[in-house]
Amino acid sequence: MSCDISLGELSCHFPFLNKSASYLQKRGIALDAVVNNKNLLDMALERLRKSLAREPLNPRSCIDSPEDWAAAARLALYIAAATKNPYLLKRFADSESKRFLELMRKVPGIQDLRCKIEIARDLGVVAKPAHEVVTGLIVATFGNPVAVRWTSYLRYAPQDPFWAMINRPVVKGWVVVPLEDFERLLEEAYEEQILKTARENELAVGRVAASIDASLVEDLLKKYAHKPLKAPSQPAEGPHPPCMKAILDALKSGDNLPHTARFAIATYLLHRGWDVEQIVDLFRTSPDFNEKITRYQVQHIAGQVGGRKEYAVPSCETMNSWGLCPTNLGCGVKNPVQYGRKVTVKKSN
């Protein structure tokens, strides 16, 4: 193994890797034994609560009891899935993936690039040191770059213009990225791995649901299982344009939107007469929701704090360049705010 760390400790730090699941299985740590162990159940509930609250874990956990904490983390995932609430599950996965990124950058024995490439392989991300693909200026510019197979890059790159492959060096099907961007790709892959684990283990989730008293997670559901704010189906100024409707639908589904989409929908809804608190409530379904930060950002866009500049709704060309126009400029307007009026006038004629 390229990582200078024991399999037990690696499994504790990153319990949702395939390697970690295999390790626990070989150690004879089965789900039925875990769910019926009060101590492990308490640990799993603590892991779930801390992940949802985004609280740090005890740094000695993976030294003192690595196998127990690895098993408890996987049980925590099954408990989250057993609630049948997608918002709570996505928040758990988002929090765990952010912890994964933090640990990957600071835990001795995992910081080596060879270790990170091995973790990438476990997550289905094909990568290699960039010097094996290209030499010269690109390697010198990025310092310690990584070459990622273009299929892996497209699958896990965040939906943001910064990540558009046209903005990256591509050599023989390999996308060359700085180390920090490679780690960010792995964060996305790890989050998807967590959600995939929940989807593909329905029997395990069902056993957990049947074995655990629902009252144990009742408080967590009340606090984190936010329901989306329902926007008017037919706003006063006509229907929403396809771009904004797509963003609203994604928010209602609890998807984690790129910053460009969040900025666009906030400016648009402010223009439509929504107040700051309504927009903050709309974002509560986001897995990475932070009320204080969200309120400040919306207030900033509204011109209530900071430079006191009220931001305009991005033009259709800007939305299209951000990858947020599902019609590829096919609406016949120059700005999303014109769409509702255009449709209303057209119907009246």
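Leaving aside its neighbours within four places in sequence, with which residues is Leu48 in contact? In this predicted model, those residues are Ala76, Ile79, Ala80, Leu88, Phe92, Val217 and Leu220, where contact denotes heavy atoms within 4.5 Å.

Residues are numbered from 1 along each chain as its sequence is written. Because the model is predicted, local features need pLDDT of at least 70 and side-chain atom pairs count only at pLDDT 80 or more, while totals for chains, interfaces and linings use all residues; side-chain values use heavy atoms, with hydrogens and water left out.

**Nonpolar cores**

Leu48 also belongs to the largest nonpolar core, which has 72 residues; Phe14, Leu48, Ile79 and Phe182 touch the most other members. Helix H6 (residues 66–82) gives the largest share of this core, twelve residues. A second, separate core of 28 residues includes Ala266, Leu269, Val280 and Leu324. A nonpolar core is a set of buried Ala, Val, Leu, Ile, Met, Phe, Trp, Tyr and Cys residues joined through side-chain atoms within 4.5 Å. Buried means under 20% relative accessible area, with exposed over 50% and partly exposed in between (1.4 Å probe, protein chains only). In soluble globular proteins, nonpolar side chains tend to be buried together.

Ser97 is found in helix H7. Ser97 counts as buried because its relative accessibility is 0%. Apart from neighbours within four places in sequence, Ser97 is in contact with Glu187, Tyr190, Glu191 and Ile194.

**The sheet**

Four strands form an open sheet in the order E1-E2-E4-E3, with antiparallel pairing. Its edge strands, each pairing on one side only, are E1 (127–129) and E3 (170–171). Helices (H or I, at least four residues) and strands (E, at least two) are DSSP runs, numbered from the N terminus, and two strands pair if DSSP finds at least two bridges between them.

| Strand pair | Bridges | Residues standing opposite |
|---|---|---|
| E1 and E2 | three bridges | Pro129 and Val146 |

**Pocket and cavity**

The second largest pocket has a volume of about 490 Å³. Its lining comprises 23 residues, of which Pro56, Leu57, Arg99, Leu103 and Lys106 lie nearest the centre. Two or more lining residues come from each of the helices H1 (7–13), H4 (38–53), H5 (61–64) and H7 (86–106), and H7 gives the largest share, six residues. By class, this lining has nine nonpolar, four polar and ten charged residues.

The count of cavities of 30 Å³ or more comes to one. About 50 Å³ of space lies in the largest cavity, which is lined by Tyr87, Arg91, Tyr224, His226, Arg284, Thr285 and Ser286.

On a 1 Å grid over the protein atoms alone, a cavity is a set of points where a 1.4 Å probe fits but cannot get out, whereas a pocket is an open set with protein on both sides within 12 Å along at least five of seven lines; lining residues have an atom within 4 Å of a point. Grid points are joined across faces, edges and corners, and a volume is the space filled by probe spheres set on the points. Ala, Val, Leu, Ile, Met, Phe, Trp, Tyr, Cys and Pro count as nonpolar, Asp, Glu, Lys and Arg as charged, and the others, Gly among them, as polar.
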